[in-house]
Amino acid sequence: MAKSRIFFASDVHGSERCWRKFLNAGRFYKANVLIMGGDIAGKLIIPIVRQHNGTYKTTFHREYELAVGTELRDLERAIRDSGYYPVRLTPDEVAELQTKEAQDELFKEVMAKELGRWLQIAEDKLKGSGIRCYASPGNDDIWELDQVLRSQSVVETPDGGRVTIDDEHEMVGSGYSTPTPWHTERECTEEEYADKIEDLVGMIESMPKAIFDIHCPPFDSGLDSAPEITEDLKPVTILGQPQTAPVGSKAVKAAIQRYQPLLGLHGHVHESRGIVKIGRTVCINPGSEYTEGILAGALVGVDGSKVEQFQLISG
């Protein structure tokens, strides 16, 4: 029987520090498979504007004015490690970004460029190592990133399809979520989600050894408890205490209950880190602490149709 030792993480949201830790996790934890479960890209550009005297000004937690050199590069790295994108601009370039359309276009260009750079880092670290690496987009990731992910060979993507992580274990993936208050890129109704999962199930040859890499966790599973918010994105509180509610997918839960794959790998809900069993299926949400530069993950050992080991780790 084929054995694999998997390191799984999700929702790094542009934190380069977390991405580098993810790539190093194979050697550190003696894992031969790395899986990144979605929401790879960051959410915000930090403009660094050139001044007439040749210095650069920006605001990141506080105001900076720095000359080109080590301090500026260190600041740019700190911005990237926090999940944002530093972009050097001239005053003329800033003036051209007054419309939302222009800002969106720049953001898309930067996200695609930075993901390409991340994939080059992956190639430098993993090529020839024997470690297989998989990464999928999540509901927050723009569609333009799909082409970037599929434009190289070191990092494979199971999103919308099937891959094999070893001689016996196959994995199918979906980066979609059910509707969110933020109206993100990849959202669908429960009915649409069920259809997508059925398409993936049709690709699987051996369900007892299959892995569902599905970004949205199963509904009311203990892996999908998130702060409850109003339509205008304000937290719901009772007597000053924040309220939570399950936000996962009923279609995902129904599919796991019906088909009982070996393993369910999920993300999406940062606050709901945990491991549960739904029937025979071990379901995992490693959570996310990317804003602190902490990589939350899970180490999983699979052997044929058995999950031999599973534990949550962070660092």
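Two aromatic rings of Phe, Tyr or Trp are treated as a pair if their centres lie within 6.5 Å. In this predicted model, ring pairs of this kind join F7, W19, F22, F28, Y29 and W118 into a cluster. A search of the whole structure finds eight aromatic pairs. One of them is formed by F7 and F22, whose ring centres are 6.4 Å apart; the planes meet at 45°, so the pair is tilted.

Charged contacts form a second theme. Side chains of opposite charge can pair when their charged atoms come close. The whole structure contains 18 salt bridges. In one of these, R117 pairs with E16, and the closest N and O atoms are 2.4 Å apart. Because R117 belongs to helix α4 (residues 100-126) and E16 to helix α1, this pair ties together parts that are 101 residues apart in sequence.

R88 is partly exposed at 34% relative accessibility, while E76 is buried at 10% relative accessible area.

E144 and K108 also meet through their side chains in a salt bridge (3.6 Å, N to O). The pair connects helix α5 (residues 144-149), which holds E144, with helix α4, which holds K108, across 36 residues. E144 is partly exposed, with a relative accessible area of 37%, and K108 is partly exposed as well, at 32%. Elsewhere, salt bridges with shared partners unite E16, R20, R80, E114 and R117 in one network.

D39 is not a glycine, yet has a positive phi of about 55°. D39 is located in the loop between β2 (33-36) and β3 (45-50), and is buried, with a relative accessible area of 2%. H183, likewise not a glycine, has a positive phi of about 50°. H183 occupies the loop between β10 (170-174) and α6, and counts as exposed at 66% relative accessibility.

Helix α6 itself spans residues 190-201 and contains D195. Together with E191, E192 and D199, D195 forms a negative surface patch.

Methods. Residues are numbered from 1 along each chain as its sequence is written. This is a predicted model: local features need pLDDT of at least 70, side-chain atom pairs count only at pLDDT 80 or more; totals for chains, interfaces and linings use all residues. Side-chain values use heavy atoms; hydrogens and water are left out. Patches are made of residues with over 30% relative accessible area and no salt bridge: like charges are joined within 9 Å, nonpolar side chains (Val, Leu, Ile, Met, Phe, Trp, Tyr) within 5 Å. Accessible areas come from the Shrake-Rupley method with a 1.4 Å probe; for residues, only the protein chains shown count as cover. A salt bridge is a side-chain nitrogen of Lys or Arg within 4 Å of a carboxyl oxygen of Asp or Glu. Lys and Arg count as positive and Asp and Glu as negative; His and the chain ends are not counted. The place of a charge is taken as NZ of Lys, CZ of Arg, CG of Asp or CD of Glu. Helices (H or I, at least four residues) and strands (E, at least two) are DSSP runs, numbered from the N terminus. Rings of Phe, Tyr and Trp (its six-membered ring) pair if their centres lie within 6.5 Å; planes under 30 degrees apart count as stacked, over 60 as edge-to-face and the rest as tilted. Buried means under 20% relative accessible area, exposed over 50%, partly exposed in between (1.4 Å probe, protein chains only).
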